[in-house]
Amino acid sequence: MIPSYYEYYNPVKVVAGNKAVDNLPYELEQLGAKRPLVVTDQGVVGAGLMQIVADAFLGQEAVLAAVYEDTPPDSSVEVVNEVAKLYRKNKCDSIVGLGGGSAIDTAKAVNIVVTEDVDDLIKLMGAEVLKKELQPFIAIPTTAGTGSEVTLVAVVADTKRGIKMPFTSYHLLPRVAILDPRMTLTMPPKITAATGMDAMTHAVEAYTCIQKNPLSDAHATAAIALIRDNLLTAVEKGSNKAARFAMANASLLAGAAFSNAMVGIVHALAHGLGGVCHVPHGVANTIFLPFGMEFNLDKTGDLYGELLLPLAGEDIYLNTPKKDRPARAVEAVRDLNRRLNKACGLPITLKQAGVPLDKLEEAATAVLNDGAVTYNPKAVSYEDALSIVKAAYDWL
């Protein structure tokens, strides 16, 4: 059903294909920029991916003005403030986020600080606080899951309070997203699996949350089908460029979907667990996705039934009675989780992820303070969250 009113916005230019990173200097110049700061991490540098970016500037008028290589897996306010100082010191005029969600989110947050000319990111926390157009920003993902290259969200940790802070603004959308299959070839199997399930969660929640619309639905279902057909191949045969490129596109599609339709209880659970126990976001989404779907079944069962087609394929969809399709969709997710667990050891229970039993209540409490529950199709209580967290602890 088409909603009586909806909004969809995503102006990001997508440059995708073999050696697409070589276009970076040109894209910067089109934005009037010649002195970018690159925000990345040691894993990206160690894999030789930063060198690919540096080589793109050889013989070009644009130059790398500065590089920050130490973005942590869960970036923080302190890191953002430090990188902003580097931007100002080197008279940069643009920002390139090179890496996974943490590097790209850090780059977005740095853009907030330098554009608004403040000394501390915390002063600008919230939704649609930003009023100025930000500095030219290009995102180059090296994982295939977060979709940060096409989202209006940045999540940064407040280490003093032990929470993850969301920043939401249309101004945070990158001007350009560059998808280059070379940039994800070195991703280890377990990270490939976790980020792929992160994208799956984005797509499934986008299709079922209260801001869904025809455009986000199209992106979400396309993403799910690509993940179904390519994630295991990318995990088991990491050098397969076709599978890697397909997953990069799936991540972008899912990102565009949830950036407009938003996410729900699964992400609220993952954010809560991440803040309390520091479980990687993709791992947390992997674990909670089937449980979140089960929680919402009585409200969105028909939608999960529709998702059985991209989740499991035409044969299973057609051979499953309509009344059984919602539950079969949940089982399709659990089956993919089991296969990924077998292929690379991806945790699929909280126990496997190393979550202490005595932290479950704290994680459930954190769920209620997360903005994602606002968009879930069904209200979430503390008892609901705690029940799901306990069920996900050791369900095998």
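**Entry 1**

A salt bridge here is a side-chain nitrogen of Lys or Arg within 4 Å of a carboxyl oxygen of Asp or Glu. I noted how helices and strands are named: they are DSSP runs, numbered from the N terminus, with at least four residues (H or I) for a helix and at least two (E) for a strand.

This is a predicted model, where local features need pLDDT of at least 70 and side-chain atom pairs count only at pLDDT 80 or more, while totals for chains, interfaces and linings use all residues. Residues are numbered from 1 along each chain as its sequence is written, and side-chain values use heavy atoms, with hydrogens and water left out.

Glu 133 is exposed, at 58% relative accessible area. Arg 175 is partly exposed, at 36%. The cut-offs are under 20% for buried and over 50% for exposed, with partly exposed in between (1.4 Å probe, protein chains only).

How many salt bridges does a search of the whole structure find? It finds 15.

I picked out Asp 394 and Lys 351, whose salt bridge has its closest N and O atoms 3.9 Å apart. Asp 394 is partly exposed at 42%, and Lys 351 is partly exposed at 48%. I then found a network: salt bridges that share partners join Asp 22, Asp 180 and Arg 182.

**Entry 1. The second largest pocket**

I turned to the second largest pocket, which holds about 240 Å³ of space. I wrote down the rule. On a 1 Å grid over the protein atoms alone, a pocket is an open set of points with protein on both sides within 12 Å along at least five of seven lines. A cavity is a set of points where a 1.4 Å probe fits but cannot get out. Lining residues have an atom within 4 Å of a point. Grid points are joined across faces, edges and corners, and a volume is the space filled by probe spheres set on the points.

The lining is Met 1, Pro 3, Tyr 207, Lys 212, Asn 213, Pro 214, Asp 217, Leu 303 and Glu 306. The lining divides into five nonpolar, one polar and three charged residues. Ala, Val, Leu, Ile, Met, Phe, Trp, Tyr, Cys and Pro count as nonpolar, Asp, Glu, Lys and Arg as charged, and the others, Gly among them, as polar.

Two lining residues, Lys 212 and Asp 217, also meet in a salt bridge (2.8 Å, N to O). Are they buried or exposed? Asp 217 is buried at 16%, and Lys 212 is buried at 18%.

**Entry 2. The largest cavity**

I counted one cavity of 30 Å³ or more. The largest cavity holds about 30 Å³ of space. Pro 141, Thr 143, Leu 179, Asp 180, Thr 184 and Ala 248 line it. They divide into three nonpolar, two polar and one charged. Asp 180 belongs to the salt-bridge network noted above.

**Entry 3. Positive phi**

Most residues other than glycine have a negative phi. I looked for exceptions. Lys 19 has a positive phi of about 60 degrees and is not a glycine. Lys 19 lies in the loop between E1 and helix H1 (24-30), and is partly exposed at 47%. His 278 also has a positive phi, near 60 degrees. His 278 lies in the loop between helix H9 (265-277) and H10, and is exposed at 58%.

**Entry 4. A distance**

Last, I looked up Thr 208, which lies in helix H6 (residues 189-208) and is buried at 4%. Thr 208 and Leu 49 are 159 residues apart in sequence and 36 Å apart in space, C-alpha to C-alpha.
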